[in-house]
Amino acid sequence: MAASASRPLVYVADSPASGPTHEISRARIRAAARRHPGLFERVRFAYGLKRADLAKAEIVLGVAFDATTLRQDAPRLKWIQSINAGVEKLAGKLDRGIALANASGLHGPKGGEFGLTAMLLLNHGIQRFVGSQKRRAWEPLFTTPIEGKTAVIVGAGSLGQSVARQAKRHGMRTIGVNTSGAPVAGFDRMLRARDLARAMPLADFLVVTLPITKATENLIDRAAIARLPAHCGVVNLGRDRVMDYDAMVERLRAGTLAGAVLDVFNPEPLPADSPLWDVPNLIVSPHSGVDDGAVYVDRGLDIFAENLRRHLSGRKLRNLVDLDRGY
């Protein structure tokens with residue numbers, strides 16, 4: 001990867017707070033180069049978050065970074081490759097001259113398994129046993145297998161499909177909710193988002209895998225939550241603002257909802273004084289449910305490599321984000 005001004009510059013916008021799971025390190029770039037021989041030598045990489053490098057960059061590769069002044073700071077920028085699936089913090093700040101691609105599909109294997117784990121936990125009342133243990137109370141609960149029960153999965157993208165596949169393997173019925181209601185593999189039935197009220201009463205489990213956009217914010221509102229059966233368990237693997245947490249917490253405290261596993265919050269980290277820590281039958285997962293700690297960045301760099309190959313040959317990028325829709 002010897003320097004050459006004739007090759008496009010890739011600016012690696014790695015956050016210092018990324019941590020080892022999400023760090024786009026030089027070692028990981030080198031490993032990706034070995035997996036894709038001859039490709040990475042066609043570009044240059046700049047590390048260290050230097051404004052002078054950003055000014056020369058044609059491509060930005062990153063996890064999470066401030067895009068507020070990106071057009072001024074990077075006048076040559078043509079394409080941003082995010083290693084995140086959710087890109088709401090970027091999509092709303094970019095002008096239409098910059099392509100944005102996300103890492104949709106990255107969370108599938110781990111996210112599907114975690115979604116199933118959360119449903120199994122809720123199905124067998126593990127959240128109740130945790131509460132009983134804290135009170136040193138012997139409170140038996142005799143449950144039934146998950147087979148034959150219904151998962152309503154709001155969001156039928158790659159993560160929702162992965163959850164659906166895991167559910168089907170355990171004999172569950174799957175109902176998906178998306179914008180169009182068009183058939184999607186792994187789902188027994190699809191409904192449109194505007195028909196959400198029809199889906200809620202059918203849910204033994206409600207699993208949310210949506211990104212946050214103008215269309216999805218507060219989609220699962222107080223009225224929708226009120227329609228969930230008392231035995232329903234709720235799992236949110238998407239974004240917190242998709243769901244009215246206050247309405248759900250009221251039902252959990254009242255004992256009219258079986259339980260919940262939440263992986264996303266606002267703000268994050270969840271403050272120590274947040275009332276959510278003490279809600280009965282609520283499991284707090286610290287936004288780590290769907291990320292594979294061993295290969296998260298490696299898989300993201302493989303997506304980048306495919307798109308780099310496309311970019312250099314003038315072809316359409318994979319996982320392009322519609323800036324108006326936000327995904």
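**Close-up views of a predicted model**

View 1. R51 counts as exposed because its relative accessibility is 57%, where exposed means over 50% relative accessible area, buried under 20% and partly exposed in between (1.4 Å probe, protein chains only). This is a predicted model, in which local features need pLDDT of at least 70 and side-chain atom pairs count only at pLDDT 80 or more, while totals for chains, interfaces and linings use all residues. Residues are numbered from 1 along each chain as its sequence is written, and side-chain values use heavy atoms, with hydrogens and water left out. R51 forms a salt bridge with D73, the closest N and O atoms being 2.6 Å apart; a salt bridge is a side-chain nitrogen of Lys or Arg within 4 Å of a carboxyl oxygen of Asp or Glu. The pair links distant parts of the chain, with R51 in helix α3 (residues 51-56) and D73 in helix α4 (residues 70-73), 22 residues apart, helices being DSSP runs of H or I with at least four residues, numbered from the N terminus. D73 counts as buried because its relative accessibility is 14%.

**View 2. The salt bridge between R318 and E306.** The closest N and O atoms of R318 and E306 are 3.1 Å apart. Because R318 lies in the segment after α12 (296-312) and E306 in helix α12, the pair ties together parts that are 12 residues apart in sequence. R318 is partly exposed, with a relative accessible area of 29%, and E306 is likewise partly exposed, at 26% relative accessibility.

**View 3. The salt bridge between D292 and R299.** The side chains of D292 and R299 meet at 3.8 Å, N to O.

How values were computed:
Helix = DSSP H or I, 4+ residues; strand = E, 2+ residues; numbered from the N terminus.
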